[in-house]
Amino acid sequence: MRIGDLKIGLFLVSVLLLAGCATVVVPLDPQLVTERLPFIRDGKTSKEEVLSRLGEPYSRYEGEQILTYVMCEDLSLDGGRRLSHTRTTDTKGEAVRCSPERTNNLILVFGPDDLVERHSVVLLNLVKRGSVELWR
Amino acid sequence: MKCTRSNARVMLGRMVLLALTGLGLSGCIILPTPSHGGVGVITKETIESFEPGKSTRADILLRLGDPAERLKEDRFFVYQWKRIHGYFFAGGGYSGVGATLLATHSLGIEFTPDNQLKRVKVIHPWLPLTDKRSSLEEWMAEERELPHP
């Protein structure tokens, strides 16, 4: 068999395996958000606390009533998953980086009293064909 | 002397024949497919869950995260994702390559001055290389009232 045929064959097999999959934008289950970011509680956590723990947000909307952070999802030492802010720095002083498929978005909506009113973590979730209805 | 010239001609002829055979056997193919797969896809179900006049900017951010673009002081959000629209294969001699043809899909969202959803527009590219930016800009330039409940 020629090397070219083999390469094309491997490519076709990979394509067939991946063609039925897509990553869709979905909010993470609220229970999992609580497990991974336990300090954020609706009606209790203040904006000041969020800013002191997570630092400068990635984006601000509506006069800072909505703040967003870019988070990485990693496996922690105890085997569980954890979210870490991409702007936090490691021991070498470099910002934490993660691959696009592991990038999550933390959204915090504050009420007039500057306490967290609602929050969510949006992530890219791998789905198989037929499990969700995609456009066209 | 005559023999050497004859050999050179035969050699040249063979080289031309080899080149022509190579060209004949090599080539490329573009295989268009219905759009499928993709990265960061926003589902039809998600988009249809947003209600003009009821959903707010906060609701959309909580569901979709940061937009790819924020325009006109957050009056417009643009979200984008990529889907596979076909495959490209090229081969020749002992080698070959293949690649997926990706196209960018866009979701435009307009908000009212009191932060409520006004309207949405989903733009699907027909071909991977077609530019849908102008369609989005035309849509943003349209002025529409909120639908009456």
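This is a predicted model: local features need pLDDT of at least 70, side-chain atom pairs count only at pLDDT 80 or more; totals for chains, interfaces and linings use all residues.
How many helices and strands does the secondary structure of chain B contain? Chain B has four helices and five strands, where helices (H or I, at least four residues) and strands (E, at least two) are DSSP runs numbered from the N terminus. Read from the N terminus, the elements follow the order α-β-α-α-β-β-β-β-α.

Residues are numbered from 1 along each chain as its sequence is written, while chains are lettered from A and ligands numbered from 1 in the order in which they are written.

**First stop: helix α3 of chain B**

Select residues 57-64 of chain B, which form helix α3. Six of its eight residues are buried, so the helix is largely enclosed by the rest of the structure. A residue is buried if 20 or more other C-beta atoms lie within 10 Å of its own, exposed if 12 or fewer, and partly exposed in between, with C-beta atoms placed from the backbone. The buried residues of α3(B) are Arg57(B), Ala58(B), Ile60(B), Leu61(B), Leu62(B) and Leu64(B). After the helix comes Gly65(B), with a positive phi near 80 degrees.

**Second stop: the nonpolar core**

Leu61(B) also belongs to the largest nonpolar core, which has 35 residues. Such a core is a set of buried Ala, Val, Leu, Ile, Met, Phe, Trp, Tyr and Cys residues joined through C-beta atoms within 7 Å. Ile66(A), Ile107(A), Leu108(A) and Leu61(B) have the most contacts inside it. Elements that each supply at least two residues of this core include β3 (66-75) of chain A and β3 (76-92) of chain B.

Next, select Leu108(A). Neighbours within four places in sequence aside, Leu108(A) is in contact with Val50(A), Ile66(A), Leu67(A), Val116(A) and His119(A); contact requires C-beta atoms, placed from the backbone, within 7 Å.

Move to strand β1 (residues 27-39) of chain B, where Thr33(B) is found. Thr33(B) counts as partly exposed because it has 14 C-beta neighbours inside 10 Å. Beyond four places in sequence, its contacts are Ile84(B), His85(B), Gly86(B) and Tyr87(B).

Select strands β4 (residues 95-111) and β5 (residues 117-123) of chain B, which pair in the antiparallel sense over six bridges; pairing requires at least two bridges found by DSSP. Leu107(B) has Val122(B) of β5(B) as its bridge partner. Five residues lie between the strands of this hairpin, in which Asn115(B) takes a positive phi near 70 degrees.

How values were computed
Two residues are in contact if their C-beta atoms, placed from the backbone, lie within 7 Å.
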